[in-house]
Amino acid sequence: MKIGDVTIDPPAVQAPMAGVTSLAARMLAMRAGAGAVFTEMVSSEALTREPEREVGRLVLSPMEHPVAVQLFGADPARLAAAAQMAEAAGADIVDLNLGCPMAPVLNAGAGTKLAARPPQAGACVRAMVAAVKVPVTVKMRAGARTWDDSYIALARRLVDEGAQAVTLHGRTAAQAYHGRADWDTIANLVRAVDVPVIGNGDLQTGEEGLRRMNETGCAAVMFGRGAMGNPWVFQEFAAAIRGEPRPPEPSEDERLALALWHAQMLVLWRGEHDGVVETRRQILPYLKGLAGSKSRRVQLSQATSLKEIADALLTRSHSRVAQV
C-alpha cells in the first residue's frame with residue numbers, strides 16, 4: 001500500500017494510543033514487522049504554545065520509519081504549524097485525530113467533537129495539507145452513533161481537502177471503546193472514497209487482520225489493543241499475507257525478556273522516574289496469561305526503579321534474550 005510516496009509494506013500498522021505507543025513500543029512493532037507506526041496523540045495547541053516543553057513528543061528514531069505523527073486540535077493555524085514541526089522532526093506522514101472520544105480531547109474541541117463539525121474539520125485538513133510536503137491523513141470513527149452514516153460524507157469532504165488516506169475505527173463516537181467494531185462501515189467507506197482506507201477495530205491476530213482486509217477491500221489494517229504486549233501480531237500478519245504457516249507463539253521467557261527490553265528503552269528515553277511510571281502502564285499486557293502474573297502485577301505497581309521492574313519480571317524465570 002502507498003500513501004502518497006510512502007510505501008507501507010506489509011499493510012499492517014500500529015495504532016496511535018495515548019500512553020501506549022511510546023518510542024519503545026513503536027520500535028518493537030517495527031522490529032516485529034509492522035508496515036508503519038503512529039505516535040501517541042500530540043496536542044497541536046500545547047506543541048505550538050510551549051514547544052520547548054512538548055517537543056520531546058516528536059522524538060523519532062531512524063529505526064521506526066515509516067512513522068506517522070498524530071496531532072489533535074481544532075485550530076487550523078495551530079494544526080498547520082504543528083504539522084510543520086512534525087515534518088521537521090522526520091515524520092513521514094502527519095495524521096489528524098478525529099476519533100478520540102475522551103474528555104480532555106473533547107474539551108479542546110478536537111477528536112470526535114471536531115468530526116461533528118465537518119466544515120471546521122475540512123478547514124483543519126486544508127491548512128495542514130498546505131503547510132507540509134508529506135502526506136496528511138485522518139483517523140475517524142463510524143459516525144456519532146449506530147446507523148449514522150455521516151462519516152461517509154465527512155470522509156469525502158476531507159479527501160476533497162487533500163487527505164491522502166483515511167483510517168476508520170468501526171465504532172461510533174457514542175460507543176467509545178465498548179461493544180464491537182462494525183467492519184461493514186469500513187467496507188462502505190472503501191466503496192465511497194478513492195484514497196486508501198485503513199480498517200481498525202478489535203483485531204487480535206494476524207490471520208484476522210488478513211481476513212478483514214479480504215472481506216472489506218481495505219488497503220491496510222491497524223492493530224491497537226491487540227498489539228499491546230504483543231508485537232508478534234505483526235509477524236503473524238506478515239506470514240498470513242505471504243501464505244506461510246503461523247509463527248510459533250513466543251515462550252514465557254521471550255515475553256518477559258521483551259517486556260524488560262521495553263522497560264529499559266522507556267527509562268533510557270524518559271529518565272528513570274518517568275520511564276518507570278510509563279513502564280507500569282505499558283508492560284502489563286505482556287503478562288497476560290502467564291503463570292504468576294498476579295504477583296508480578298503487584299510488584300510492578302509498586303516499583304520505583306528499573307531494578308525493581310527487572311526483579312518483578314524475572315522472578316522465578318530465567319529469561320533469555322527475546323528474538324523479535
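Biologist: Which residues are linked in a network of salt bridges?

Modeller: Before the answer, a word on the numbers: this is a predicted model, in which local features need pLDDT of at least 70 and side-chain atom pairs count only at pLDDT 80 or more, while totals for chains, interfaces and linings use all residues. Residues are numbered from 1 along each chain as its sequence is written, and side-chain values use heavy atoms, with hydrogens and water left out.

The network you ask about links Glu50, Arg53, Glu54 and Arg57 through salt bridges, a salt bridge being a side-chain nitrogen of Lys or Arg within 4 Å of a carboxyl oxygen of Asp or Glu. Side chains of opposite charge can pair when their charged atoms come close. Within this group, Arg53 and Glu54 form a salt bridge whose closest N and O atoms are 3.9 Å apart. Glu54 counts as buried, at 13% relative accessibility, whereas Arg53, at 63%, counts as exposed; here buried means under 20% relative accessible area, exposed over 50%, and partly exposed in between, with a 1.4 Å probe and protein chains only.

A search of the whole structure finds 17 salt bridges, and another of them pairs Glu207 with Arg246, with 3.7 Å between the closest N and O atoms. Because Glu207 lies in helix α10 (residues 206–216) and Arg246 in the loop between α11 (232–241) and α12 (252–270), this pair ties together parts that are 39 residues apart in sequence. Helices (H or I, at least four residues) and strands (E, at least two) are DSSP runs, numbered from the N terminus. Glu207 is partly exposed at 31% relative accessibility, and Arg246 is partly exposed at 40%. Helix α10 also holds Arg211 and Glu215, which are four residues apart and so separated by about one helical turn; their side chains meet in a salt bridge of 2.9 Å, N to O. Arg211 has a relative accessible area of 38% and is partly exposed, as is Glu215 at 45%.

Turning inward, we can look at the nonpolar residues. In soluble globular proteins, nonpolar side chains tend to be buried together. A nonpolar core is a set of buried Ala, Val, Leu, Ile, Met, Phe, Trp, Tyr and Cys residues joined through side-chain atoms within 4.5 Å. The largest such core has 64 residues, and those with the most contacts inside it are Leu71, Leu96, Leu98, Val221, Phe223 and Phe234. Helix α8 (residues 150–160) supplies the largest share of this core, six residues. A second, separate core has 19 residues, including Ala263, Val276, Ala303 and Ala310. If we leave aside neighbours within four places in sequence, the residues in contact with Leu96 include Leu71, Leu79, Leu114, Cys124 and Val138, where contact means heavy atoms within 4.5 Å.

The cysteines deserve a separate check, and the search of the whole structure finds zero disulfides, a disulfide being a pair of cysteine sulfur atoms within 2.5 Å. The sulfur of Cys100 lies 15 Å from the closest cysteine sulfur, that of Cys124, which is too far for a bond. Cys100 is buried, with a relative accessible area of 6%, and Cys218 is buried at 4%.

Finally, Asn200 sits in strand β10 (residues 197–200) and counts as buried at 7% relative accessibility. Apart from neighbours within four places in sequence, Asn200 has contacts that include Lys139, His169, Trp183 and Met222.
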